[in-house]
Amino acid sequence: MSDVSFVRTEMLPEQDPPGSEVGVIGWLRHNLFSSWINGILTVLSLFAIYFVLSGILPWVFQSVWNGGSLTECREIMTATWGQTHGHACWGVINERWLQLLFGFYPSDLYGRPILSLVLLLVAMTPILFNMISRRMNWFLLVLAFFVTAVLMDASIFVWILRAGFAGATLVIGYQLVTLSGADRAEQIAQGAKRLPNPLMFTAIYPFLMPWLMWGGTIWPAICTAFGFVIGYLVLRFGRAYMSELLTMIAAVAAAVIWWLVLSGYVSSALSSVLPIGIEAVQSRQFGGFMLAILLGVVAIGCSLPIGVVLALGRQSDLVVVKFLCVGFIEFIRGVPLITLLFVASLLLNIFMPPGTNFDIILRVMIMMTLFSAAYMAEVIRGGLAALPRGQYEGADSLGLDYWQAQRLIIMPQALKVSIPGIVSTFIGIFKDTTLVSIIGLFDVIGLASAIRADTSWNGIYWELFAFIAFLFFIVCFSMSRYSMYLERKLQTGHR
């Protein structure tokens with residue numbers, strides 16, 4: 001019987017993949033021309049892209065940057081290209097870009113909103129990117145103050161600030177470059193102190209930013225922050241004498257009484273005794289893209305915690321709390337934002353005591369925050385509804401109380417599931433900041449209308465709106481990309 005074997009006894013040599021499956025050709029075959037329908041759609045898409053770009057790119061790049069008026073721009077276009085159409089006049093942006101960014105804010109104080117923006121980024125860094133070390137966070141913070149001190153006018157006090165911030169920047173930067181994590185851990189084990197938690201500055205920033213933007217004495221900001229300290233102390237030590245619910249109510253009541261009744265007298269007394277402050281800027285001088293950033297950041301930052309509370313209140317077993325939250329959410333969602341802005345602008349002062357000066361920007365901030373919080377509550381409620389019942393039962397089996405279960409188990413998962421909806425609400429409320437031009441605030445849209453009313457630039461449209469669209473695109477696209485990064489990091493796809 002002959003031996004017939006079909007099992008190979010030696011490995012075949014490796015071969016290169018076919019040339020049509022790798023490289024540029026392979027990518028084109030798999031992504032653009034995988035079938036004859038996809039090939040036709042690819043060709044039509046390329047033709048549409050070419051048609052759009054062939055009109056936009058010459059308009060953007062074959063343009064005039066040094067014109068002092070629209071008439072001068074057209075004269076330069078005619079002399080250069082022989083026609084006045086199909087070319088942009090960026091001279092209006094070259095001449096008015098500071099006004100579009102800062103409104104009527106005093107030009108000699110531009111460093112304060114710039115410093116506020118830089119410090120905002122530094123304050124958000126430990127929240128958005130928690131993998132960054134403490135040394136890196138404090139290096140960025142000290143570097144921001146050092147750069148600001150360099151940009152300030154020279155004086156003896158400023159030179160002392162420059163020297164101090166430069167020294168701190170060099171020390172922290174040297175440690176950042178030379179010390180490894182293991183070396184730093186060894187130093188800490190031998191008795192060296194760790195740098196303070198950078199979240200301390202994140203907690204301080206909400207009180208520092210208004211003082212930088214509006215100026216005046218520093219005591220109102222400190223007294224406002226002290227209200228939170230009072231609430232924390234009542235919450236911390238009141239549990240020994242009251243139930244948890246009564247302690248929370250007492251903490252909120254103590255803070256509100258301090259803010260509404262006592263803080264004004266205390267800050268006035270401290271200001272008269274020790275007048276520490278900077279030059280004051282009126283709210284009517286705010287405007288431009290800076291106003292959109294200011295309103296958007298406050299509405300975004302405050303609406304998330306309020307939305308969490310409203311979402312929990314809507315699911316509460318306490319009937320009064322549930323009805324209050326449901327009523328608030330449904331009322332706000334049923335009213336247009338423009339109506340709330342008109343209420344903030346015209347009607348709110350009617351219900352205030354005579355002589356009360358309630359800042360218009362503060363009123364708009366409150367209305368936009370409440371509007372955003374109602375939508376945020378529904379987004380978070382969707383995240384809570386997506387969690388399986390076993391998560392709640394698991395928290396009960398561990399013996400956790402309601403707040404411990406929400407803080408440690410339920411809310412982190414609900415927020416993780418709700419990330420796309422939360423970011424979409426953030427982007428929507430940031431774009432809605434342009435509606436404040438309707439109630440007379442000179443945001444970037446209002447300033448564009450004011451610039452077009454100037455005889456030098458009467459008749460120019462596309463350049464101004466293209467510049468404004470570019471500014472909003474940068475911010476909204478950045479938020480969208482961060483959302484995608486966060487989804488990848490937390491793996492929200494339940495994989």
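Predicted model: local features only at pLDDT ≥ 70, side-chain atom pairs only at ≥ 80, totals over all residues.
How many nonpolar, polar and charged residues make up the lining of the second largest pocket? By class, its lining has 22 nonpolar, four polar and five charged residues.

The second largest pocket has a volume of about 1100 Å³. In total, 31 residues line the pocket. L312, G313, S316, Y402 and W403 lie nearest its centre. Several helices give two or more residues each to this lining: α11, α12 (288-314), α13 (319-333), α16 (389-397) and α17 (402-417). Among these, α12 gives the most, with six residues.

The model has one cavity of 30 Å³ or more. About 40 Å³ of space lies in this largest cavity. Its lining consists of V122, A123, P126, N137, W138, L141, P198, F201 and T202. The elements that give two or more residues to the lining are α5 (111-128), α6 (134-151) and α9 (199-214). By class, seven of the lining residues are nonpolar, two are polar and none is charged.

Now to single residues. S263 lies in helix α11, which spans residues 244-273. Is S263 buried or exposed? Its relative accessibility is 11%, so S263 counts as buried, the cut-off being under 20%. A polar atom of its side chain lies 2.9 Å from the backbone oxygen of W259. Leaving aside residues up to four places away in sequence, S263 touches C223 and W258.

Finally, the annotated spans. In an unreviewed entry, UniProt lists "transmembrane region" for residues 36-61, 110-131, 138-159, 218-238, 286-312, 324-348, 360-380 and 459-479. Two of these spans can be set against the model. Over residues 324-348, the chain is 84% helix and 0% strand. The end C-alpha atoms of that span are 21 Å apart. Residues 360-380 are 100% helix and 0% strand. Here the end C-alpha atoms lie 30 Å apart.

Key
Residues numbered from 1 in each chain as written. Heavy atoms only, no water. 1 Å grid on protein atoms, 1.4 Å probe; cavity = no way out; pocket = protein on both sides within 12 Å on 5 of 7 lines; lining within 4 Å. Points joined across faces, edges and corners; volume = space filled by probe spheres on them. Helix = DSSP H or I, 4+ residues; strand = E, 2+ residues; numbered from the N terminus. Nonpolar A, V, L, I, M, F, W, Y, C, P; charged D, E, K, R; others polar. Buried < 20%, exposed > 50% of the residue type's maximum accessible area, 1.4 Å probe, protein only. Polar contact = N/O pair within 3.5 Å; in protein donor to acceptor, adjacent residues only side chain to side chain. Contact = heavy atoms within 4.5 Å. UniProt positions renumbered as here; feature names shortened; annotations may be inferred.
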